[in-house]
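This report describes how parts of a protein model pack against one another. Please consult the sequence and the structure shown below while reading.

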Amino acid sequence: MIRVVVVDDEELVRTGFRLILQSAGDIEVVATPTGAQAVREISLLKPDLVLLDIRMPDVDGLTILRQLQGLKPPPVVAMLTTFDSDEYIAMALRSGAAGFILKDTGPEQLAQMVRTLVSGGVVLSPKVTRTVVDGYLGSGAGSAATEQVELLTERERAVLVLIAEGLSNTDIGARIHVSVGTVKDHVSAILTKLRVGSRVQAALVAQRAGLLDDTGESR
């Protein structure tokens with residue numbers, strides 16, 4: 001079972017996500033705290049994934065995200081959002097968010113996104129706008145991202161596209177017929193050459209550089 005904690009200040013959101021995810025069969029929502037209770041419960045329960053509201057009135061979601069990064073090991077954290085604040089999105093990316101899930105995501109999509117995140121994949125809503133990407137990467141993001149991607153080998157660029165499509169290391173290995181260890185080596189090299197700290201940040205570079213133009217947007 002995939003163990004999930006949903007953190008949101010609205011009871012309706014917490015209840016809705018619990019009902020949707022629990023109906024998937026392989027997902028258990030082990031807690032639905034508000035922001036003020038979140039870090040304590042997560043540190044005790046040690047879930048596989050935390051779905052965290054990016055903006056809450058009692059404790060800011062970004063503050064909780066940074067505190068969770070201090071846990072050993074830190075949980076995988078995806079932000080729940082309506083994409084109403086580019087500034088918050090960019091800050092969450094820099095603070096280690098593994099992805100973003102819209103609160104109006106369909107039930108079947110939601111369960112699959114959870115599975116993707118837990119398996120090490122990347123989840124980026126198609127509604128991640130050019131403005132959001134620019135907000136994270138900075139002005140002149142397109143040309144800068146293209147220059148970064150040119151540092152990669154042909155195989156590394158292929159792996160980067162698969163990362164941006166949301167695939168885990170295991171899925172990437174199966175797609176390009178190499179071992180998981182080899183995929184990990186490629187991912188490490190990609191993060192180093194792109195000067196980014198996470199797969200989701202690498203996915204945004206790929207998106208901004210136009211590598212996904214022929215394959216569709218990342219999940």
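The largest nonpolar core has 49 residues, and Leu52, Met79 and Phe100 have the most contacts inside it. Such a core is a set of buried Ala, Val, Leu, Ile, Met, Phe, Trp, Tyr and Cys residues joined through side-chain atoms within 4.5 Å; buried means under 20% relative accessible area and exposed over 50%, with partly exposed in between (1.4 Å probe, protein chains only). Beyond its neighbours within four places in sequence, Leu52 is in contact (heavy atoms within 4.5 Å) with Val7, Gly61, Ile64, Leu65, Val77, Ala78, Met79 and Leu80. A second, separate core comprises 19 residues, among them Leu21, Ile27, Leu51 and Leu80.

The model is predicted: local features need pLDDT of at least 70 and side-chain atom pairs count only at pLDDT 80 or more, whereas totals for chains, interfaces and linings use all residues. Residues are numbered from 1 along each chain as its sequence is written, and side-chain values use heavy atoms, without hydrogens and water.

Helix H2 has a buried side formed by Gly35, Ala38 and Ile42. These residues cover an arc of only 10 degrees around the axis (taken from the directions from the helix axis to the C-beta atoms), which puts them on the same side of H2. The elements covering them include strand S1 (2-7), strand S3 (49-53) and H3. Helices (H or I, at least four residues) and strands (E, at least two) are DSSP runs numbered from the N terminus. On the face of H2 turned away from the buried side lie the exposed residues Ala36, Arg40 and Leu44. Just after H2, Lys46 takes a positive phi of about 50 degrees.

Two helix pairs can be set side by side. Axes are lines fitted to C-alpha atoms, for helices over the stretch in contact, and angles run from 0 to 180 degrees between N-to-C directions.

| Helix pair | Axes come within | Crossing angle |
|---|---|---|
| H2 (residues 35-45) and H3 (residues 61-68) | 10 Å | roughly 10 degrees |
| H9 (residues 169-176) and H10 (residues 180-194) | 8 Å | roughly 105 degrees |

The crossing angle makes H2 roughly parallel to H3 (under 35 degrees). Gly35, Ala38, Val39 and Ile42 of H2 make this contact with Ile64, Gln67 and Leu68 of H3.

H9 and H10 are, by their angle, therefore roughly perpendicular to each other (65 to 115 degrees). Here Asn169, Thr170, Ile172 and Gly173 in H9 meet Val180, Val183, Lys184 and Val187 in H10.

Conventions: Parallel < 35°, antiparallel > 145°, perpendicular 65-115°, else oblique.
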